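Subject: Structure handover and findings

Hello,

My notes follow below it.

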Amino acid sequence: MELLAPAGNFEKLITAVHFGADAVYFSGKRFGLRAFAGNFNDEEIVEAMKYLHARGKKGYITLNIVANDEDFEGLEDYLELLTSAEVDGVIVSDLGVVSFVRKHAPTLDVHVSTQANVNNYHAAKVFADMGATRIVLARELNLKQIKALHDKLGNSVELEAFCHGAMCISYSGRCLLSNYMTGRPSNHGACVQACRWQYAIREVNKTEEYPIEEDERGTYILNSKDMNMLSHLKEMEDAGICSIKIEGRMKSAYYVATVVNAYRQALDSKNYKASKELSAELEKASHRRYTTGFYFNADDKEFLETSMPVQTHEFMAVVVDKFDGGVTLEQRNRFCEGDELEILSPNKTIFNKKIKMQNMTDENGEPITDIKGVQQRVRLKTDLPFEIGDILRKEIKNSTN
């Protein structure tokens, strides 16, 4: 199966590739559902596709807004840019946009977004007949339904499905809560994620509020758990899924590195086995408690989350350069001489090894013991086989999950 990773900006795209993604999905400055992810301007899209193709990777661009008439202004020119950039596919949810792409950019592969709510054969067949090459399935389908859908469709269209990340409490992401409460349209990329807020009950004629206490953190009654299918990749493949997708264009580069690395190692293992070590990896980046979603017919109550995200480790530094006898690190959080940090790397010989921070100098060769400047660079003497893009992290004391 293809491992498909999110890229909210160029740093995250490079990170996803370094840690083993086969493809990435990202957005331009328009027409995507993550307007605040940083995203890519036109020149960056061209450069991103060159970067990906030079490394044998693919790139898909999101065009998945629910479009109004005015949204089509400039779309034809944008499609011309994507075609010339040799984008490997566009992710589309709106039926009108699908038709527009097929007419004005017939060489572009069309991937039908999960927001199109495709959860039956007849809908999938309509999109396939329109020329779509891939369907990103609705998250509400279970694996048996996906297998039946695949058997009917045959090889006429590929099936992609989410394997990891945040889940929307609304049907395949079609929510109006953000529009109603803040005026920021979720289906045009400006979702404020109001479902993640804490809520309380108030009698209409009184001002006193009554919180619905679920645990010591408060109540998040519209908040979903995160999806985690690391231990069920074989079942996903057996159902006919060709591409597994990680959610998270708004997440950090550290999140992308951690999750992509875990899924890459699981996919490369015999029978897609998720070891205890790999499962523990997914606790180290920010997440809500995990669920397998609808894949195994779980009761809806299984999806509700009552607390804020947690993580066991934090991102301390990234390797940005190498020199004879060591590496140059760029700081992300404060660390000091004597701290013991853990290595996150696709290189299994150093993955999860601990390294004590010593023999550090600044870029002028002066000894340094306290690295606290924002993105401060520091040279570390070491004979470990680091590569540019590898990450150092630190366990958060007293962290809970």
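Let me start with one contact. The side chains of Arg288 and Asp226 meet in a salt bridge, at 3.7 Å from N to O. Arg288 sits in the loop between helix 10 (276-281) and strand 12 (290-291), and Asp226 sits in strand 10 (residues 226-228), so the pair ties together parts that are 62 residues apart in sequence. Arg288 counts as buried, because its relative accessibility is 11% and the cut-off is under 20%. Asp226 is buried too, with a relative accessible area of 1%. Please keep in mind that this is a predicted model.

**Other salt bridges**

The search of the whole structure finds 22 salt bridges. As background, side chains of opposite charge can pair when their charged atoms come close.

Asp339 and Lys394 form one of them, with the closest N and O atoms 3.6 Å apart. Asp339 is in the loop between strand 15 (335-336) and strand 16, while Lys394 is in strand 21, so this pair ties together parts that are 55 residues apart in sequence. At 17% relative accessibility, Asp339 counts as buried. Lys394 comes out at 25% and counts as partly exposed.

Lys50 and Glu47 make a salt bridge within a helix. The closest N and O atoms are 3.8 Å apart. The two residues are three apart in helix 2 (residues 42-54), which means that about one helical turn separates them. Lys50 counts as exposed, at 51% relative accessibility. Glu47 is partly exposed, at 41%.

There is also a network. Salt bridges link Glu2, Arg134, Glu158, Glu160 and Lys245.

Strand 16 covers residues 340-344 and strand 21 covers residues 391-395. Three bridges join them, and they run antiparallel. Glu342 stands opposite Arg393 in strand 21. Strand 21 also holds Lys394, the partner of Asp339 described above.

**The cavity**

How many cavities of 30 Å³ or more does a search of the whole structure find? It finds one. The largest cavity has a volume of about 40 Å³. Its lining is made up of Phe31, Leu63, Ile65, Ala67, Asp71, Phe72, Leu75 and Val97. By class, that lining has seven nonpolar residues, no polar ones and one charged residue.

**Cysteines**

The structure holds zero disulfides. Cys242 counts as partly exposed, at 26% relative accessibility. Cys336 is partly exposed as well, at 25%.

Over to you.

Best wishes

Conventions. Residues numbered from 1 in each chain as written. Predicted model: local features only at pLDDT ≥ 70, side-chain atom pairs only at ≥ 80, totals over all residues. Heavy atoms only, no water. Disulfide = S-S within 2.5 Å. Buried < 20%, exposed > 50% of the residue type's maximum accessible area, 1.4 Å probe, protein only. 1 Å grid on protein atoms, 1.4 Å probe; cavity = no way out; pocket = protein on both sides within 12 Å on 5 of 7 lines; lining within 4 Å. Points joined across faces, edges and corners; volume = space filled by probe spheres on them. Nonpolar A, V, L, I, M, F, W, Y, C, P; charged D, E, K, R; others polar. Pairing = 2+ DSSP bridges. Helix = DSSP H or I, 4+ residues; strand = E, 2+ residues; numbered from the N terminus. Salt bridge = Lys/Arg side-chain N within 4 Å of Asp/Glu carboxyl O.
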